[in-house]
Amino acid sequence: MAKEHLSPVWARAFDIHVERGEGIYLYDKDGRRYMDFTCGIGVTNTGHAHPRIVRAIQEQAARLLHGQIGIAIADKVLELTDELASICPPELDTFFFSNSGAEAVEAAIKLAKQATGRTNVIAFEGSFHGRTHLTMALTMSKTSYRSKYQPLPAGVFAAPYAHCYHCPVAQRTLSAAERAALSASCPNDGGRCCGYAPEAVRFLLKTQTAPQETAAIIVEPVLGEGGYVVPPASFLRALRQICDEHGILLIFDEVQTGFGRTGKFFALEHVGVVPDILVMAKGLASGMPLSCVAARREIMQTWPPGSHGGTYGPNVVSAAAAVETIRVMKDERLPENSLARGQQLLQGLRALQRDFPILGDVRGLGCMVATELIDPHTGAPSKHLAQQLVKHCADHNLLLLTCGSYENVIRWIPPLVVNEAQIDEALQIFAAALDQVA
Ligand SMILES: Cc1ncc(COP(=O)(O)O)c(C=O)c1O
């Protein structure tokens, strides 16, 4: 009965009544235990209810729940800027806080407009940046996020993302297996990328949005909702170069890739590209609502006081959770664990790929791993196979989500506290599901 009062707008992947979480596990009210390889959609990187983070939240809640930053600055917020400065590229030394990923993306775009005096933004096909009106305009992973909400804010231009498995140039010249091998070698593509995607950005600047009107290029360094695509390093490096040539600001949306997910604190570390603006959320506070925009001081200084803000950001209890999250990640070497467990997962899935040709592409970076399901006869994306596999795994207590514009990608995002035996167990469940479904 109570469920009927919840808005149906939330699409629910599973019908689970969760009672508590611990580490990589969720427990329902009947005591059934699930391996949570959805991680609350890439949020609980430190695992559910990490004791140190719970304690930090409890202690802060007893001291101060809300310290409005326009009224007074709480020490916890300053502690958080110190912790963030210790993990961000040194150039990005000034921070703005809000509550959700979409809010932080909006803030980043507003900052870029103020800093450049320009109006337009380039985003990428397959991208996901949020569900507010401006971020919907930047989101191009599925039409369902936009249908019946048009018109959306103007001044957003779309370019293709570098996606070796689906690249239109590679599709003409390489077999599916060769494209999968190329995709697997990203981001260290060794110069084999055809350069189609950055060339399309240059063309866009010639044909649709002039450089002097273009404030920013916003990109996910690993495409998230659009299918967990690891691009060649040359793509992100070329975007940096294009921005430098034209005084355009480069924004990395690391809402999903941040906080150890790809095996480094930030995915940018894999490619050595420093954006002008970095957007973070999700894993930042282990589930407490908090997001952040980091930028160089001289960019932040162009933002007139009062021209942006909000009541809550940064909530001081969320700030306490974030401080402890970063410390736990360092002390427990979670980015390193993400890299090692991600390798184990990729190896296991690639071994399965040899036996099950429905696994068209297996790709990933750290514990941000994708298996793309295809019809083995036609090579066409198969949403149906992905759904069947997810259902079989859930029936056997392993929770996985899909993603991708064709909804045929199963994404693997375990909490970063996951251990070797747990990855092996998940692979066994998935192997049984493949046996059943294929
Ligand atoms: C890359 C990226 N940016 C922005 C967002 C939006 O974050 P939120 O749902 O917190 O608004 C998401 C959410 O999945 C995301 O993956």
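I began with the packing of α2: its buried residues pack against α3 (75-87) and α12 (316-331). Helices here are DSSP runs (H or I, at least four residues), numbered from the N terminus. I took a residue as buried if 20 or more other C-beta atoms lie within 10 Å of its own, exposed if 12 or fewer, and partly exposed in between, with C-beta atoms placed from the backbone.

I noted that this is a predicted model, where local features need pLDDT of at least 70, side-chain atom pairs count only at pLDDT 80 or more, and totals for chains, interfaces and linings use all residues. Residues are numbered from 1 along each chain as its sequence is written.

I listed the buried residues of α2 as Ile-53, Ala-56, Ile-57 and Gln-60. Down the axis of α2 they fall within an arc of 100°, so they line one face of the helix; the arc is that of the directions from the helix axis to the C-beta atoms. On the face turned away from the buried side I found the exposed residues Pro-51, Arg-55, Gln-58, Glu-59 and Ala-62.

Next I looked up the domains. The assignment gives domain 1 (53-331) and domain 2 (333-438); such bounds come from an automatic or database domain assignment. I read 24 residues of domain 1 in contact with 24 residues of domain 2, contact being C-beta atoms, placed from the backbone, within 7 Å. Helix α7 (residues 176-184) gives the largest share of the domain 1 side, four residues.

Definitions and conventions: Two residues are in contact if their C-beta atoms, placed from the backbone, lie within 7 Å. Helices (H or I, at least four residues) and strands (E, at least two) are DSSP runs, numbered from the N terminus.
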